Number of protein chains: 2
Amino acid sequence: MQKIKDLILSEGTYLGNGILKVDSFINHQVDPIFMEECGREFARRFAGVKPTRILTAEISGIAPALMTARALKIPVVFARKSKPITMPDQVYLTVAPSHTKGVFVELIVSPEYLKHGERVLIIDDFLASGATINGLVRLTQAAGATLVGIGALIEKEFEDGRKQFTSLNVQIESLACITSMDNGKIVLRED
Amino acid sequence: MQKIKDLILSEGTYLGNGILKVDSFINHQVDPIFMEECGREFARRFAGVKPTRILTAEISGIAPALMTARALKIPVVFARKSKPITMPDQVYLTVAPSHTKGVFVELIVSPEYLKHGERVLIIDDFLASGATINGLVRLTQAAGATLVGIGALIEKEFEDGRKQFTSLNVQIESLACITSMDNGKIVLRED
C-alpha cells in the first residue's frame, strides 16, 4: 500500500536496536483517514476468507483492527494486557515477550467474546518477531475458534516472524514490508 | 443517544462498587458500526467549537476517540500509560487514580503531538469521578493548548465528576448519563 510506505519513509525514524519509530501515524498519534484506508485495504485482501471477528492486542493494534472491522462490518475484540475487574474469573491467558518493552506481557481474552465456530482475523500494528501475534494465535486456538488470516500494518521481514506462521496455512498480509534497516536506512520491499 | 442507552440496558451489568460492565460493546469487544455512530454524534455536538485535535487515554478511549476524529477529519493522540522507548526523554506526564484498577496510573503525551495553539477535544469512554479526564485536561494545559470540549460515551452522574470541570467553561457532553445504580438497577437520564 503506497500511502503507508510513503509515511514510513517520510515520518518513520530508525532508533537503533531494530526499533522503528512511527509514533506520528500509528503508535501515539493517528490520522483517522489514513487508518480508515488501511482498514479498507485489509478488508479487501481478507474478504475472501470470510472472517466473522477481528482479534487484536491493546494498545496500538486497536486503531487498525477497528477500521478493518468497520470495513468488514464485524466485531473486534482487543486482548487485554491486564485483567480488568469486569472480566470473569475464567479467561484465556497467554504470555508473550514484548520487543519494545523488554518484558513479558500477558494477553487476556474473555471466553464471552471469543468462541468456538468464529472465523478469526488477527490484525496488529507490527509483524516483527511475531511474538505478540503468536500469542493471539494461541488465544484463538484455546478458544476453539478458526484462524483465517493475519494482517499487520508494517512487517519487519528481517526479523523473520512470518516463518513461524507458515505451518498454519492462513493468508498473511502486511501493508508495508521493511527488508532492512541496516545503517539506519529503511529499505522497503517493492510490490 | 438512544442506541447506547439501549445497549447499556440490554448488555450492561452492574458488578457492585459502582462498576458497570460494558465489555461487550466498549471495553473488550467493540461493534465498529455502533462506535462509528458514536463518533458521528460527538462530531455533530462538538463541530461548533472547532477542535483541531482529539486527545484520549489508552485503552478504551481509543475506539470512540478514533471514530470522532474520523468524523471531524482531525488527528487523534492517545496518552500512553507507560513511556514507550520511541518517546523523547522530555514528555508531559501526569498521574491519575484508576477507578477500576485501584492504583495510580501515569498519563504521558509527547510534546511532538500536543502543541501550543491546538484546540483540543478530550474524548473518553467514561466520565465517572473524572480523574482520568482531569489528567488529560492537565496535559492539555501543560502543552499550552486550548481545551475546547470534553466528551464521554457514558457518564455516571452520581459520581459527580462533571462538577470539577464547570470552571473550565467548555462544552461537556455524554452520550448516555446514568443517574443511579442503586440496588443494581441502572437508571438513565431522559433526554
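Modeller: Let's begin with a term: buried means under 20% relative accessible area, exposed means over 50%, and partly exposed is in between, using a 1.4 Å probe and protein chains only. You are looking at a predicted model, where local features need pLDDT of at least 70, side-chain atom pairs count only at pLDDT 80 or more, and totals for chains, interfaces and linings use all residues. Residues are numbered from 1 along each chain as its sequence is written, chains are lettered from A and ligands numbered from 1 in the order in which they are written, and side-chain values use heavy atoms, without hydrogens and water.

Colleague: Thanks! Is A:Gly61 buried or exposed?

Modeller: A:Gly61 sits in the loop between E4 and H4 of chain A. Its relative accessibility is 1%. That value puts A:Gly61 under the cut-off, so this glycine counts as buried.

Colleague: Which residues does A:Gly61 touch, leaving aside its neighbours within four places in sequence?

Modeller: Contact here means heavy atoms within 4.5 Å. A:Ser167 is 106 residues away along the chain, and its C-alpha atom is 24 Å from that of A:Gly61. The contacts of A:Gly61 are A:Thr56, A:Ile123, A:Asp124 and A:Asp125.

Colleague: How many helices and strands does chain A have?

Modeller: Helices (H or I, at least four residues) and strands (E, at least two) are DSSP runs, numbered from the N terminus. On that basis, chain A contains five helices and eleven strands.

Colleague: Why is chain A called as compact as a globular protein of its length?

Modeller: The radius of gyration is taken over C-alpha atoms, and the globule rule is 2.2 Å times the number of residues to the power 0.38. For 191 residues the rule gives 16 Å. Chain A is as compact as a globular protein of that length because its own radius of gyration is close to that value, at 16 Å.

Colleague: What percentage of the residues in chain A is buried?

Modeller: The C-alpha atoms of chain A fill a box of roughly 45 × 35 × 35 Å along the principal axes. Among contacts with a separation of 6 or more, 62% join residues 24 or more positions apart. Of the 191 residues in chain A, the buried share is 60%.

Colleague: Now for chain B: what rotation superposes it on chain A?

Modeller: Copies are superposed by least squares on the C-alpha atoms of residues with pLDDT of at least 70 in both. The shift along the axis is 0.0 Å and the RMSD is 0.0 Å, for a rotation of 180°. The two copies are therefore related as by a two-fold rotation axis. All the contact residues of chain B, 100%, recur in chain A, and the rotation asked for is 180°.

Colleague: Which residue of chain B comes closest to the rotation axis?

Modeller: The residue in question lies in the loop between strand E4 (53–57) and helix H4 (62–72) of chain B. A cis peptide bond, with omega about 15°, joins it to B:Glu58. Its C-alpha atom is 3.1 Å from the axis, and the residue is B:Ile59.

Colleague: Which residues of chain A are in contact with B:Asn27?

Modeller: B:Asn27 belongs to helix H2 (residues 23–27) of chain B. At 12% relative accessibility, B:Asn27 is buried. Within chain B, its contacts beyond four places in sequence include B:Ser60 and B:Asp125. Across in chain A, the contacts are A:Phe78 and A:Arg80.

Colleague: Last one: is A:Asn169 buried or exposed?

Modeller: A:Asn169 lies in the loop between E9 and E10 of chain A, and its phi is positive, near 55°, although the residue is not glycine. A:Asp160 is in the loop between strand E9 (146–156) and strand E10 (171–180), has phi near 70°, and is partly exposed at 41% relative accessibility. The relative accessible area of A:Asn169 is 71%, so A:Asn169 is exposed.
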